[in-house]
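Please open the structure in your viewer and keep the selection tool at hand. The stops below each begin with something to select and go on to what is there.

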Amino acid sequence: MRQEDVWDDEAADRYDTPGAGMFAPEVLGPTVERLAELAGGGAALEFAVGTGRVAVPLAARGVPVSGIELSRPMVRRLRTKVDEATVPVVVGDMASDTVPGEFSLVYLVYNTISNLLTQAEQVACFRNAARHLAPGGRFVIELWVPELRKLPMGQEATVWLTEPGYIGLDTYDVLRQRVVSHHFRFDGSTQARLFRSPHRYIWPAELDLMGQLAGFELESRHADWSGTEFTADSRSHVSVYRLPAPN
C-alpha cells in the first residue's frame, strides 16, 4: 500500500468527523492551545496537513500556518474550509519537499510520522523540519507507543479499540518494525467497511536519536497535549524537539 493510494477521494470524503473523535473539542482544543503557545508568535508549518483539522483552527487563533500534504484529495477537502492565502499548502513529501519562509514551529500530529515506512525517510523528515526552522525553533511530534507488550509469543495482532459500530486492530511485522492498522466500521447489516493504513512504528528512544541526527535536543515529553506526565504505561506521547539557539 502506497500512502497516496490510501488517502484517496473516498478517504478524504469520510475523514472529517466534526465534533467527534479526533475532532472533538476536548481533543482538538488542547492541541491547538499548546501549538499556539509553542509557536511563540512566529509562523507554523504542519507536515501532513490533511484536511486542516489542526491548521484551520490554529490559523484562526492568529498563527500563520502553512502545510505540506501528499494527498491531493485531502488538500481539496481543506480548500472547502479555507483558501490558499489563509493556509498555503505545498503538495509533496514531508520528508523532502520545502515551503518558502522560515518558521518557529514545525509540527506532525496524530501519529503521521509513522506513515513514512522506512527509518531513512523518518530521519529525513526530522532533517526537513530542521531545514525550515529558525534557530531555537521547535519540532513537535504526536505519536503512539507501540503496544508490543500485548503480543504473546506467536500472536501478530492487537485489538486497540472496540465500540458500537467500530473495531480497530493492528497487525505487527516485528522483523521490519511495521504495523497495518485495520478500521472496521459496521451497522445493522451483514456488511462491514474496512479501511487500512500502513505504518512504521518508532520507540521514543529511537525518535530521540533521529532528533539528535538532525541537530535537535529533546525539550519535553508528555503523555498528551495537556501536559500529563509520560510514564511507562502511556499509550502515546507529545514530544517537543528544539534546535539550539545561537549563543
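This is a predicted model: local features need pLDDT of at least 70, side-chain atom pairs count only at pLDDT 80 or more; totals for chains, interfaces and linings use all residues.

Residues are numbered from 1 along each chain as its sequence is written, and side-chain values use heavy atoms, with hydrogens and water left out.

**Helix α3**

Select residues 25-39, which form helix α3; helices here are DSSP runs of H or I with at least four residues, strands are runs of E with at least two, and both are numbered from the N terminus. The 15 residues of α3 should span 21 Å at 1.5 Å a residue, and the end C-alpha atoms are 21 Å apart, which agrees; the expected span is 1.5 Å times one less than the number of residues. Now colour the buried residues of α3, namely Leu-28, Thr-31, Val-32, Arg-34, Leu-35, Ala-36, Leu-38 and Ala-39, where buried means under 20% relative accessible area, exposed means over 50% and partly exposed lies in between, with a 1.4 Å probe and protein chains only. What covers these buried residues includes α4 (55-60), β4 (103-108), β5 (133-144), β10 (217-222) and β11 (236-242).

**Helices α6 and α7**

Next select residues 119-132 for α6 and residues 204-213 for α7. The 14 residues of α6 should span 20 Å at 1.5 Å a residue, and this agrees with end C-alpha atoms that are 20 Å apart. Buried in α6 are Gln-122, Val-123, Cys-125, Phe-126, Asn-128, Ala-129, Ala-130 and His-132.

How do the axes of α6 and α7 cross, and within what distance do they come? They come within 8 Å and cross at roughly 50 degrees, where axes are lines fitted to C-alpha atoms, for helices over the stretch in contact, and angles run from 0 to 180 degrees between N-to-C directions. The two helices are therefore oblique to each other, since angles under 35 degrees count as roughly parallel, over 145 as roughly antiparallel, 65 to 115 as roughly perpendicular and the rest as oblique. To see which residues make the contact, show Gln-119, Gln-122, Val-123, Phe-126 and Arg-127 of α6 together with Glu-206, Leu-207, Met-210, Gly-211 and Leu-213 of α7; contact means heavy atoms within 4.5 Å.

**Two residues with positive phi**

Select Tyr-110 in the loop between β4 and α6, where phi is near 55 degrees, a positive value in a residue other than glycine. Tyr-110 is partly exposed, with a relative accessible area of 41%. Then move to Gln-177 in the loop between β7 (166-173) and β8 (178-186), which has a positive phi of about 60 degrees although it is not a glycine. Gln-177 is buried, with a relative accessible area of 18%.

**Around strand β6**

Finish at Thr-162 in strand β6 (residues 157-163), which counts as exposed at 55% relative accessibility.
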